[in-house]
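This report describes selected side-chain features of one protein structure. Please look at the sequence and the model first, then read on.

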Amino acid sequence: MDSAKQEGKNIGTVDRKKQVLEAASRSFALFGYKATTMEQVAKIANVGKGTIYTFFNTKEQLFDEILIGVISEMKTIILREVDHDRKFFENLFRVLDSLLEFRSEHELLMKLSQEVRDVGTPQSQEAMAQVESVILNYIEHEIRHAISRHEMRECDPNIVAFLMVKMYIALTSEWNKYHEPLTKDQIKEHIRLFLEDGLAIHA
């Protein structure tokens, strides 16, 4: 096979794999992990089921590759929003706002969250745990950075990161089930009240 034909074959293979991944993303977003089948993905992608198996041996493998892409997007958001010329809490609010907006608008993550609540599918639970760990790892790293700059007092970064994420999610999501939604400024005011005022070193 000459190089032009080989290149054309490679491009076709890449396009088919992308087609399969896009179809799988739609299927997982529509039906969740548990109800998605390779047959559904093949139908949405308009390819034979055998085509999927040339790239992915199992549904789990296909799902994992999609999740890697989602996590990569989240890390890109973090890199975009963090500016170490700003104070820790300014960066924190910018990143959490952007990540939670991404999470609330991302159809796959919304469906997986629903599946975790309603069914408790282990793969969905693991996926959402991985998503949350991206946020936790970022905050832990930034807390250590803030401590080294004497912007925050000594604390356990793992515990404080956990509290920050849980408080933010509680105020942006859980609160709304029983009360009028809080504005972003109200959320930030309460996080500052309980965390920033207690952790920050004031000049």
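## Aromatic pairs

Across the whole structure, a search finds five aromatic pairs. Rings of Phe, Tyr and Trp (its six-membered ring) pair if their centres lie within 6.5 Å; planes under 30 degrees apart count as stacked, over 60 as edge-to-face and the rest as tilted. Tyr-33 and Phe-63 are edge-to-face because their planes are at 65 degrees, with ring centres 4.9 Å apart. This pair links distant parts of the chain, with Tyr-33 in helix H1 and Phe-63 in helix H4, 30 residues apart. Helices here are DSSP runs (H or I, at least four residues), numbered from the N terminus. Both Tyr-33 and Phe-63 are buried. Buried means under 20% relative accessible area, exposed over 50%, and partly exposed in between (1.4 Å probe, protein chains only).

Phe-88 and Phe-89 also form an edge-to-face pair, at 5.0 Å centre to centre and 90 degrees between the planes. Phe-88 is buried, with a relative accessible area of 3%, and Phe-89 is buried at 5%.

## Basis of the model

The model is predicted: local features need pLDDT of at least 70, side-chain atom pairs count only at pLDDT 80 or more, and totals for chains, interfaces and linings use all residues. Residues are numbered from 1 along each chain as its sequence is written, and side-chain values use heavy atoms, with hydrogens and water left out.

Ring pairs link Tyr-33 and Phe-63 with Phe-28 into a cluster. The charged end of Lys-59 sits over the ring of Tyr-33, 4.3 Å from its centre. A charge sits over a ring if NZ of Lys or CZ of Arg is within 6 Å of the ring centre and within 35 degrees of the ring normal.

Where is Thr-36 found? Thr-36 is in the loop between H1 and helix H2 (38–45). With 2% relative accessibility, Thr-36 counts as buried. Contact means heavy atoms within 4.5 Å. Leaving aside neighbours within four places in sequence, Thr-36 is in contact with Ser-27, Phe-28, Phe-31, Val-41 and Lys-59.

## Salt bridges

How many salt bridges does a search of the whole structure find? The search finds nine. A salt bridge is a side-chain nitrogen of Lys or Arg within 4 Å of a carboxyl oxygen of Asp or Glu. One of them joins the side chains of Lys-17 and Glu-65 (3.5 Å, N to O). Lys-17 is in helix H1 (residues 3–35) and Glu-65 in helix H4 (residues 59–81), so this pair links distant parts of the chain, 48 residues apart. Lys-17 counts as partly exposed at 28% relative accessibility, and Glu-65 as partly exposed at 32%.

In another salt bridge, the closest N and O atoms of Glu-132 and Lys-166 are 3.2 Å apart. Glu-132 lies in helix H7 (residues 122–148) and Lys-166 in helix H8 (residues 157–174), so the pair ties together parts that are 34 residues apart in sequence. Glu-132 counts as buried at 17% relative accessibility, whereas Lys-166 counts as partly exposed at 36%. Salt bridges that share partners also join Arg-80, Glu-81 and Arg-94 into one network.

Technical notes
Helices (H or I, at least four residues) and strands (E, at least two) are DSSP runs, numbered from the N terminus.
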